[in-house]
Every structure is written in C-alpha cells, then in structure tokens.
Amino acid sequence: MGQILEKLQGKQWREKQIRKMSDRVFDYYTNDTGRAYMTFEELYIAVLLVYNDINKRLPGPHFDPPKRDEIRTLMKECDMDLDGGLNREEFVEFMKKLTADTFVYVTQGLIITLAVAPTVAIATKRSTEGVPGVGKVVQKLPTSVYASLITLGVMMITKASE
C-alpha cells in the first residue's frame, strides 16, 4: 500500500510540475498574440525553451530536444480539435508525452545520486578513518557532513563526465 501511495504522489508531483511549466510557457506565447492556441513555430520554440529549462535545473546529462519532425508528429497526435494549433489542454498533453522519458531518466539518476551515494559514503566512512593523513579529518567530520560531501563529489564527477 505504501509503494502505491508513493507512486501516486510521485506521479502527482510530476504532473503538477508539468502543468506549471506548461501553463507558464503557454501563457508566455498566447498573451503576446491574444490567441488561445500555439502554432507549430511557437510550439517548436517553446520545446527548445523547455529543454533548456530542464537542462539548467535538473542534475544529470544534457537532454537534446526532439527534432522538428518528431515535434510535428507529436503535435498532430495531441491536436484533438484538428485546428492546426494546440490549445492549453492539448499543450499540457503534448508536454506530458514529450517529457515522459526525460522525467523517468532524471528520477533514476536522482535516486542513485541522492540515495545510493550517501549510503555508500556512510558504509565506507569507517574504512577511510584508517588512511594516514585523511583518517583524522574523516573521524572529526559528522557522518551527515561526510555523506553530503561524498554525494556532492559524485554529482560533480557525474556532471564533469558529461
């Protein structure tokens, strides 16, 4: 029961984030034009901006935006009223489909970085206490600080290896 609740909360969080991002981007484009839909060109630029936002805010690898043809195909799938543009709800659906794989990949990376790295750090702290020169420093550091430093190091190495 607990796992089901966690998955639902994770899905709700993801959908809330996508909705906020979608509303912000949609409002940006439609407020200037006064239209209640986005054209393909506006949609393409919006996708580039969203991927730029994702790449700036989320740890992990750089995500390349989809190609124009992929965006055009996905737009046709989401254009339920067949008017050649996407209204707000169609755009939200478009964004859910567009970012589904990205969120799964980022979530897996965050789990590894934020859960596994501190656990490994805590497990290895005692073994590093015997290393000359480093051991005394490690002994003086609280476990939580040591785990945070190791996690930060893992994140920096991951980012540098990209």
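Close-up 1. Arg-19 has a relative accessible area of 29% and is partly exposed (buried is under 20%, exposed over 50%, partly exposed in between; 1.4 Å probe, protein chains only). The model is predicted: local features need pLDDT of at least 70, side-chain atom pairs count only at pLDDT 80 or more, and totals for chains, interfaces and linings use all residues. Residues are numbered from 1 along each chain as its sequence is written, and side-chain values use heavy atoms, without hydrogens and water. Arg-19 and Asp-23 form a salt bridge, N to O 3.3 Å (a side-chain nitrogen of Lys or Arg within 4 Å of a carboxyl oxygen of Asp or Glu). The two sit four residues apart in helix α1 (residues 2–33), so about one helical turn separates them (helices are DSSP runs of H or I, at least four residues, numbered from the N terminus). Asp-23 is partly exposed at 21%.

**Close-up 2. Arg-88 and Asp-27.** Their closest N and O atoms lie 2.4 Å apart in a salt bridge. Arg-88 belongs to helix α4 and Asp-27 to helix α1, so the pair ties together parts 61 residues apart in sequence. Arg-88 and Asp-27 also belong to a salt-bridge network with Arg-19, Asp-23 and Glu-89.

**Close-up 3. Asp-79 in a loop.** Asp-79 lies between α3 (68–78) and α4 (88–128). Asp-79 is buried but has no salt bridge; Lys-76, the nearest side chain of opposite charge, is 9.4 Å away (Lys and Arg count as positive, Asp and Glu as negative; His and chain ends are not counted).
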